[in-house]
Amino acid sequence: MSATDAASRSRSLRATDLGDVLLIDPYLVNAHQKMVDYLLRLEPDRFLSGFATNAGLTPTAEGPYGGWERTSGTRFQGHFFGHYVSALSQAYAGSTQDAEKARLLAKLTTAVNGLKFAQAAYATKDPANAGYVSPFPVDLLPHGGDGLLVPFYNLHKVLAGLLAAFQRAPEPVAATALEVASHFGTWLERWAGRQADPAALLQTEYGGMNEALYELFGITKDPDHKRAAEYFDEVGLFEQLAAGNDVLNGKHANTTIPKLVGALKRYTVLTEAPDLSAMLTQAEKDDLGTYRMAAERFWQIVVDDHTYANGGNSRGEHFHAVGTLHERATNGETTGYGENSTVEGCNEYNMLKLSRALFRVDPDVKYADYYEWAYLNSILASQNPETGMMTYFQPQTAGYAKVFGREFDEFWCDHGTATESFTKLGDSIYFIDEKSIYVNMFRSTVLSSTEHNLRLEQTADVPNDETMTISVSALDAGAVAPGTTLLLRVPSWVAGTPTLVVNGQPEDISALHHDGYLAFEVAAGDEIIYTLPAKVAVDDATENPNWVAFTYGPVLLATELSRKNVDSTYTSGVLVRMSVADKTLGNNLRVDDAARWKRDIEANLLRIENGENANGVETMRFSLERVDAASADLVFEPYYSLYDARYATYMTLVEPDSPQRS
């Protein structure tokens, strides 16, 4: 695909708006609603307390929140509030209940107006920094101090929240949000330009500041906002990654991933809009391909060499050397950020953000495959479906439990990204362009597309049920737009060949297959039956081929080991509660021949009748064959549905007379 073709595709292909996708799937509906209910229990005025104080105003709330949002001690003040504004905006856009929508908008209005008042007051207090809006003093930039950590990381979340409000809130809230964001972007360009060494901004974690500022520039077309974004571009890193070099060992994962999201945002913003492209020098135009290539190759490096079986990455918040995934996850360190600190939630939030953006640029099915994988097995797995609370880490070695954050006094970074993840569960199920509807995931939903005059109702519970159905109708009871093409993803995990029946007639799959999708035109009244058979498989992709995880189609399986002292935790990092190990629990599977047992996995891991797990939730279930008696008693279920238990996602295959290690 040429650069011109890619830019054209990127301009036209987009994810659907949140309000255009109605969730029907019971698991997703519950997950979303639990998060909305939580957002409505939070008070924006308490988050705004620090912003008001810093601007010389009297806070209206009784007192600020604690945890990472506290006003003294080690803290990340403002970060969660920014996520909260984004999540409120997304929840408002996706809500179909008038009363709920009104309550969400009221809180969003308070949040945005509070930022406007604080920004205006601060401009009077400190005219040289007019536009600055923050809960902490400007002299703590760029590296923090007095207990405050990573100030630009925190400010990025606030800026991103303002942009989310601009994109999704009604007037006048949207206009106010853009006004505050624009003033902030202008202040930042001027502040950075006054620094003796602007490159110092790159020496600490700054979140997706480049991404948000390029987004702002795409809206305002203000050159100051472009220049502000460029201060946060780590061009040397981009060039190394674009060359295909894995330079990730030792890098902080959640610092690094957003940098590449920002690199791709520069590429898309500056190639999609001709008027913005005209503002570039020829050298800048020539360099745009490097930004895109860096994002693409970074994504591939992470997915291929730094990712666990649930789609997550990192240990102790960092990437490590290739070929050390097993070592890092099972090294026996049970204090601090030890072996239990694999799969940090923020990373998967950002990897899905990157995957979504890459798919828009190049709708390669591999991005959709990964999105589904991490969405099901990392994002959904991070939430307690009873309380709605979320994890920080997800241990991938046996004997630990998921630890869920508390509602009002922790506010971890992963707590913040999760508020966004669970208020946008429908945002990448479908993608559309002028003629096409891409169906990327198979969950019961209803899509409404006014530009195609189309209503698409998908009924699916894949892979629990291998058959999904789609009913096509026109929004106005007339005709679907002529030439509307449906593209059904053919996932990499499908067992054999899928089948397709349209209006009772079997279709020739080979004639419809196009770049990982089945493509065919649809009309009002069409009834489509798409069958995607799944099978069990072994994931043994780490440096230890006998440390294995099991999947069924796109779903990672796990087994419950114990419910003893499941709530036992200790604190590490900044108020992060970590699961305490139970080393009496093992994950050894005794088999005669490990290689042969894996090769014959379809005979050795059998799907049995669905049943209730220990939480009373009905799930798919699987049992093992040709293993020792203790292992034969284990029951595997989808990892995302397992909580309040010590578990194992990976098992260790042990042959007779081989060294034993759990």
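Select His514 first: its bridge partner is Tyr517, in strand β13. Strands here are DSSP runs of E with at least two residues, and helices are runs of H or I with at least four, numbered from the N terminus. The model is predicted, so local features need pLDDT of at least 70 and side-chain atom pairs count only at pLDDT 80 or more, while totals for chains, interfaces and linings use all residues. Residues are numbered from 1 along each chain as its sequence is written, and side-chain values use heavy atoms, leaving out hydrogens and water.

Next, select residues 517-521, which make up β13. This strand runs antiparallel to β12, and two bridges join them; strands count as paired if DSSP finds at least two bridges between them.

Now widen the selection to the open sheet of six strands, ordered β1-β4-β5-β9-β13-β12, with mixed pairing. At its edges stand β1 (14-15) and β12 (513-514); each has a single partner strand, so one side of each lacks a neighbour in the sheet.

Finally, display the whole chain, with its 21 helices and 25 strands. The C-alpha trace spans about 75 × 60 × 50 Å along its principal axes. Of the 662 residues, 60% count as buried, meaning under 20% relative accessible area with a 1.4 Å probe, protein chains only. Among contacts (heavy atoms within 4.5 Å) between residues at least 6 apart in sequence, 72% join residues at least 24 apart.

Key: Buried means under 20% relative accessible area, exposed over 50%, partly exposed in between (1.4 Å probe, protein chains only).
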